[in-house]
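Please look over the notes below alongside the model. They cover a few backbone and metal-site points.

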Amino acid sequence: MRVVKVSLGNRSYKILIDGGLLARLGEECARLQLGRRCAIISDTNVAPRFAKAAERSLARAGFETVLLAVPAGETAKSLKTVESCYDGLAQHRLERNSFIVALGGGVVGDLAGFVAATYLRGIPFVQVPTTLLAQVDSSVGGKTGVNLKAGKNLVGAFHQPRLVLCDLDTLRELPPREFRAGLAEVIKYGIIRDAALFKRLELELPQLLQRRAETLATVIARCCQIKADVVGQDETEGGMRAILNFGHTIGNALENISGYGKYLHGEAIAIGQAAAAKLSHNLVGLPPGDVERITGLFQRAGLPIGVKLGRAQLAKLLAAMQLDKKVSGGEVKFVLARRIGHVEFGQRAPLDLIAETLSHTA
Ligand SMILES: NC(=O)c1ccc[n+]([C@@H]2O[C@H](COP(=O)([O-])OP(=O)(O)OC[C@H]3O[C@@H](n4cnc5c(N)ncnc54)[C@H](O)[C@@H]3O)[C@@H](O)[C@H]2O)c1
Ligand SMILES: [Zn+2]
């Protein structure tokens, strides 16, 4: 088993990575000195597959569980679903020392985390991520929240989990498109912090796409380590945590203008990262060879690197970018790469150059 520690003083926690971990959920929770009652929040795709194993393990360790299943998909990340979860928790009399287990992808993790952050002014929670994206990214770092009509993740809270348990076996059932979308975040870690990881991904992509356990374990642990390091240094994104947003300024705007559902998050940020690589070449001298390696790896992973946008759509995308909650003082700031493995945040990029870059990507 691989163990990665997120160091945040008295809010520190461990990320466990291995096959067969769901069966150990109960005993791992028992170490955390939590109350006896817990609610498993999951979705209608994940619950039928994995909730039984989670419930059995928790029961064996002496916990009383209740299962709350929300609809699958991004639209469930809403205040309406949050309210239905609160009702479920109240009905089953969860108390201050009771806890929540978030069993599912990033949608469930963000939603259940937000419910945990706010119910009774905050109760503990444990992340059991079941998508690649959630295992390498959303389950770690304590960002929780839901969407508003006005945009994604506009309501939320920082609330760190007490434990993250990544069971590699759950990834076997993940649809191929979802798996590839997760790879977009994996590749991101190589670009922002780790040239050796990037190289490993270039070499071992076939094994990764076959979901070979050993390759998955090594790669997921490395990604979690990078995220843990970044979050450990800048929990609430005062500065350097922003490097995790490489490719996200354009990616998030693209998700926004095309309506949730057209692009998966990973697909949108693959396009965003390819565009950010080109901007990096123009603005901070990322070598052309590195731009090619970046776009090449996304393509080999089966991810899009460009988008055909008409004039009106391009204008909408630029406008959406300026609405991003990370924009301050009306200025769009980018994370740009000087080379693979090294990025800088807070870089200004002129709108006309962004427009030109995007119009050449399709
Ligand atoms: N909090 C953060 O730091 C952070 C970071 C990145 C992304 N996010 C959020 O994460 C969300 C996206 O997460 P996601 O990509 O995991 O999407 P998701 O949670 O919607 O999961 C994708 C799909 O796969 C299904 N699924 C999940 N696990 C499965 C499994 N093991 N087998 C079969 N099907 C399975 C789900 O039901 C869903 O239909 C977005 O809302 C995004 O905003 C949050
Ligand atoms: Zn992302």
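**Notes on the model**

1. Gln33 is exposed, at 75% relative accessible area. Here buried means under 20% relative accessible area, exposed over 50%, and partly exposed in between (1.4 Å probe, protein chains only). Gln33 sits in the loop between α1 (25-30) and β3 (37-43). Helices (H or I, at least four residues) and strands (E, at least two) are DSSP runs, numbered from the N terminus. Gln33 is not a glycine, yet its phi is positive, about 55°. Most residues other than glycine have a negative phi.

2. This is a predicted model: local features need pLDDT of at least 70, side-chain atom pairs count only at pLDDT 80 or more, and totals for chains, interfaces and linings use all residues. Residues are numbered from 1 along each chain as its sequence is written, chains are lettered from A and ligands numbered from 1 in the order in which they are written, and side-chain values use heavy atoms, with hydrogens and water left out.

3. Arg93 also has a positive phi of about 55° without being a glycine. Its loop runs between α3 (79-91) and β5 (99-104). Arg93 is exposed, with 60% relative accessible area.

4. The zinc ion (ligand 2) is coordinated by Glu185 (OE), His248 (NE2) and His265 (NE2), at 1.9 to 2.1 Å. Donors are N, O and S atoms within 2.8 Å of the metal (3.2 Å for Na, K and Ca); water is not among the atoms, so sites may look incomplete. Glu185 in helix α6 (residues 176-193) and His265 in helix α10 (residues 265-284) are 80 residues apart. Glu185 is buried at 0%; His265 is partly exposed at 21%.
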